[in-house]
Amino acid sequence: MMDHKERRPAAASPANSYFRTKVLTATPEQLQMMLFDGAIRFAEQARKPLTDKKWDESYDLLTKVQKIVLELNSSLRHDANPDLCKRLAALYNYIYKRVVEANMSHRMEALDEAVGLLKYQRETWVMLMHQMGQERAAKAADSIDFPPPSDRMESSISLCG
């Protein structure tokens with residue numbers, strides 16, 4: 001008689017549930033960051049199997065990178081900023097081609113270049129998110145209706161505790 005171990009489906013694991021919740025509650029900006037992080041992580045993970053000539057393993061990881069880069073490209077909003085999106089689409093197409101080259105020709109140089117470009121784009125995104133956060137905070141602060149300072153208010157503030 002076969003020994004059947006009870007297994008929890010992968011979709012129900014705590015890690016997958018956490019990740020699913022994280023994705024479903026993320027802002028569009030955070031989702032974009034997750035895509036960059038995932039592409040970089042899978043590309044970095046592909047280095048060892050690529051070096052060790054474990055083609056099946058490197059293929060699986062680099063295919064994930066390719067899919068993420070396609071998602072980055074397809075998520076561009078050309079109606080919002082056509083010129084910027086055109087340049088980003090060209091960059092994502094180039095990154096995609098380099099990942100495919102790394103995947104099919106097993107060329108580490110192609111992977112290195114793709115990872116470098118992805119990391120650069122991620123850093124650019126971090127700076128943009130930081131700037132957007134500061135602008136939102138300033139806008140929120142401007143919308144708060146604080147009363148102007150008065151002598152009575154200032155006399156009640158004690159710096160000594």
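Me: By class, what residues make up the lining of the largest pocket?
Reply: This is a predicted model. The largest pocket holds about 660 Å³ of space. Among its 20 lining residues, Leu76, Leu84, Leu88, Trp125 and Leu128 are the closest to its centre. By class, the lining has twelve nonpolar, five polar and three charged residues.

Me: Which helix gives the largest share of that pocket lining?
Reply: Helix H2 (28-51), helix H4 (82-105) and helix H5 (108-143) each give two or more residues to the lining. The largest share is six residues, and the helix that gives them is H2.

Me: Ile95 is one of the core residues that touch the most other members. Which residues is Ile95 in contact with, leaving aside neighbours within four places in sequence?
Reply: Leu62, Val65, Tyr92, Leu111 and Leu118 are listed with Ile95 as touching the most other core members. One of these, Leu118, is also on the contact list of Ile95. That list reads Val69, Ala114, Leu117 and Leu118.

Me: Is Arg98 buried or exposed?
Reply: Arg98 lies in helix H4. Its relative accessibility is 13%. The cut-off for buried is under 20%. So Arg98 counts as buried.

Me: Which side chains does the side chain of Arg98 join through polar contacts?
Reply: Not counting residues up to four places away in sequence, Arg98 touches Arg107, Glu109, Ala110, Glu113 and Ala114. A polar contact of 2.8 Å joins its side chain to that of Glu113. Another polar contact, of 2.7 Å, joins the side chain of Arg98 to that of Glu101. The partners are Glu113 and Glu101.

Me: Is Lys53 buried or exposed?
Reply: Lys53 sits in the loop between H2 and H3. Its phi is positive, about 60°, although Lys53 is not a glycine. Its relative accessibility is 59%, and exposed means over 50%. Lys53 therefore counts as exposed.

Key. Residues are numbered from 1 along each chain as its sequence is written. This is a predicted model: local features need pLDDT of at least 70, side-chain atom pairs count only at pLDDT 80 or more; totals for chains, interfaces and linings use all residues. Side-chain values use heavy atoms; hydrogens and water are left out. On a 1 Å grid over the protein atoms alone, a cavity is a set of points where a 1.4 Å probe fits but cannot get out, and a pocket is an open set with protein on both sides within 12 Å along at least five of seven lines; lining residues have an atom within 4 Å of a point. Grid points are joined across faces, edges and corners, and a volume is the space filled by probe spheres set on the points. Helices (H or I, at least four residues) and strands (E, at least two) are DSSP runs, numbered from the N terminus. Ala, Val, Leu, Ile, Met, Phe, Trp, Tyr, Cys and Pro count as nonpolar, Asp, Glu, Lys and Arg as charged, and the others, Gly among them, as polar. A nonpolar core is a set of buried Ala, Val, Leu, Ile, Met, Phe, Trp, Tyr and Cys residues joined through side-chain atoms within 4.5 Å. Buried means under 20% relative accessible area, exposed over 50%, partly exposed in between (1.4 Å probe, protein chains only). Contact means heavy atoms within 4.5 Å. A polar contact is a pair of N or O atoms within 3.5 Å; within protein, one must be able to donate a hydrogen and the other to accept it, and residues adjacent in sequence count only if both atoms are side-chain atoms.
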